[in-house]
Amino acid sequence: MTDIFAPFLSGFLLSAALIMAIGAQNLFVLRQGLKREHVGPVVLFCGSADALLIVAGVAGVGAFLAAIPQLTLILTIGGAVFLGWYGVKALRRMAAPETMAVTSNGSISLGGAMAATAGFTFLNPHVYLDTVLLMGAAGSAQPAALRPIFVAGAVSASFTWFAALGYGARLLVPLFARPMAWRVLDAIVGITMLSLAASLLMRTFG
């Protein structure tokens, strides 16, 4: 039992440490949770995407991607453009004069929510660094028979985090009944997105 628990815990803790940092994807999941809008599909997509990327990394795809710098460049530019666009959109929401409400302001369709979630997930080069390269390297260091256990732990952490973030956000709804709270959140989102976009470009072309 100890031999099985150790790689599970190792995968869980490493995945949790990587995924809990404040980033574009987490902020989007938080905002959807506060709005109580398409939370289930968004959480399921994020967790499933992480699972797919972690499995791919442990299976050896990480080493393959590391050998293709052109792909990294394409992902970086695409991610910077997407994050910049969303950051500007958030700042425009912040500056809007109309009253913001938890249940109605800025509602988007399920398709729009899933498209945005996919963008935050797959257009962010950091997700490949974390889930494919780092998790892949850590998982590959495990004995072959224990790698599925490591992956199970890592995937469990991902689903647990996104579910807690998406569904736990409703505890903050009373705070976000005030328009100013939404403005502050959108300011944080906008600044974070633009900062991430700038850091991606500076790291690539600076």
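## Terms and basis

Helices (H or I, at least four residues) and strands (E, at least two) are DSSP runs, numbered from the N terminus. This is a predicted model, in which local features need pLDDT of at least 70, side-chain atom pairs count only at pLDDT 80 or more, and totals for chains, interfaces and linings use all residues. Residues are numbered from 1 along each chain as its sequence is written, and side-chain values use heavy atoms, with hydrogens and water left out.

## Helices α2 and α3

Two packed helices are described by the angle between their axes and the distance between the axes. Axes are lines fitted to C-alpha atoms, for helices over the stretch in contact, and angles run from 0 to 180 degrees between N-to-C directions. For helix α2 (residues 24-35) and helix α3 (residues 39-58), the angle is about 160 degrees and the axes are 9 Å apart. The two are therefore roughly antiparallel (angles under 35 degrees count as roughly parallel, over 145 as roughly antiparallel, 65 to 115 as roughly perpendicular and the rest as oblique).

On the α2 side, Q25, F28, V29, Q32 and G33 meet V39, V42 and C46 of α3; contact means heavy atoms within 4.5 Å. By class, this contact has five nonpolar, three polar and no charged residues (Ala, Val, Leu, Ile, Met, Phe, Trp, Tyr, Cys and Pro count as nonpolar, Asp, Glu, Lys and Arg as charged, and the others, Gly among them, as polar).

## Aromatic pairs

The whole structure holds eight aromatic pairs. Rings of Phe, Tyr and Trp (its six-membered ring) pair if their centres lie within 6.5 Å; planes under 30 degrees apart count as stacked, over 60 as edge-to-face and the rest as tilted. F28 and F120 form a tilted pair, 5.2 Å centre to centre with 40 degrees between the planes. F28 is in helix α2 and F120 in helix α6 (residues 110-122), 92 residues apart.

F120 also pairs edge-to-face with Y86, at 4.8 Å centre to centre and 85 degrees between the planes. Y86 lies in helix α5 (residues 69-95), so this pair ties α5 to α6 across 34 residues of sequence. Relative accessibility is 3% for F28, 2% for F120 and 6% for Y86, so each counts as buried (buried means under 20% relative accessible area, exposed over 50%, partly exposed in between, with a 1.4 Å probe and protein chains only). Ring pairs link F28, F82, W85, Y86 and F120 into a cluster.

## Residue L123

L123 sits in the loop between α6 and α7 (125-140) and is partly exposed, at 33% relative accessible area. Leaving aside neighbours within four places in sequence, L123 is in contact with L75, G78, G79, F82 and A118.
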